[in-house]
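Reader: I am new to this structure and would like to know what the terms for it rest on. Please take them one at a time.

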Amino acid sequence: MKVVLLGGPSSGKRTQAKILEREFGILHISIDEHLERMKTERRDVRLSEAERELYLDKEAINYLQQVLPKPNYILDGFPKTLVQAEFLDAYAAPDIALSLKVDTDSLIKRLKGKVEVEGIP
């Protein structure tokens with residue numbers, strides 16, 4: 001089964017993906033975790049906003065081409081852009097996309113909690 005989890009920041013995509021991974025034995029791939037590792041390793045990269053979006057599209061797609069098993073996967077944090085969605089549809093189209101709906105007040109509360117706990121600026 002190929003599953004994509006969609007939702008706002010801190011909507012619980014990663015939490016739900018880990019539950020699905022454990023319950024069904026399907027590989028969970030978090031693009032956001034990969035991009036965070038990449039950002040930490042490459043602190044010296046300075047890009048404009050437009051360059052950053054193109055760079056992140058390329059980085060995310062290259063990473064998925066390396067790790068994405070075509071028959072079964074659970075993705076969270078991807079796709080975020082039209083370029084990424086078109087790639088995924090052509091490369092290994094999902095069987096199902098689940099959209100996690102969380103009200104705005106709850107998302108804000110969760111994000112504030114992340115900032116306090118993780119020290120995110």
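Author: Two strands pair if DSSP finds at least two bridges between them. Strands are DSSP runs of E with at least two residues, helices are runs of H or I with at least four, and both are numbered from the N terminus. The model is a predicted one, in which local features need pLDDT of at least 70 and side-chain atom pairs count only at pLDDT 80 or more, while totals for chains, interfaces and linings use all residues. Residues are numbered from 1 along each chain as its sequence is written, and side-chain values use heavy atoms, with hydrogens and water left out.

Reader: What makes β2 and β3 a pair, and in which sense do they run, parallel or antiparallel?

Author: Strand β2 (residues 28–30) and β3 share three bridges in the parallel sense. The requirement is at least two bridges, so they pair. Leu75 in β3 is the bridge partner of Ile29.

Reader: Which bridges link β1 to β3?

Author: Strand β1 (residues 2–7) pairs with β3 over four bridges, in the parallel sense. Leu75 in β3 is the bridge partner of Val4, and Val3 stands opposite Ile74.

Reader: How do you know that β1 and β4 pair?

Author: Strand β4 (residues 96–100) has five parallel bridges to β1. Gly7 has Leu100 as its bridge partner in β4, and Leu6 stands opposite Ser99.

Reader: What is the order of the strands in the sheet, and why do β2 and β4 stand at the edges?

Author: The open sheet of four strands has the order β2-β3-β1-β4, with parallel pairing. Each of β2 and β4 has a single partner strand, so one side of each lacks a neighbour in the sheet. Along the sequence, the protein follows the pattern β-α-β-α-α-β-α-β-α, which comes to five helices and four strands.

Reader: Why are residues of β3 called buried?

Author: Buried means under 20% relative accessible area, exposed over 50%, and partly exposed in between, with a 1.4 Å probe and protein chains only. Tyr73 and Leu75 point one way from β3, Ile74 and Asp76 point the other way, and all are buried. Of the 121 residues of the protein, 30% count as buried.

Reader: What makes one face of α4 the buried one?

Author: In helix α4 (residues 82–92), the buried residues are Gln84, Phe87, Leu88 and Ala92. Down the axis of α4, they fall within an arc of 100 degrees, so they line one face of the helix. That arc is taken from the directions from the helix axis to the C-beta atoms. The face turned away carries the exposed residues Leu82, Glu86, Asp89 and Ala90.

Reader: What makes a set of residues a nonpolar core?

Author: Such a core is a set of buried Ala, Val, Leu, Ile, Met, Phe, Trp, Tyr and Cys residues joined through side-chain atoms within 4.5 Å. The largest has 17 residues, and Ile31, Leu64, Leu68, Leu75 and Phe78 touch the most other members. Two or more residues come from each of α2 (31–41), α3 (49–67), β3 (73–76) and α4. The most come from α3, with five residues. A second, separate core of five residues includes Val3, Leu5, Ile26 and Ile74.

Reader: Which residues does Leu64 touch?

Author: A contact means heavy atoms within 4.5 Å. Leaving out residues up to four places away in sequence, Leu64 touches Ile29, Ile31, Leu75, Phe78, Phe87 and Tyr91.
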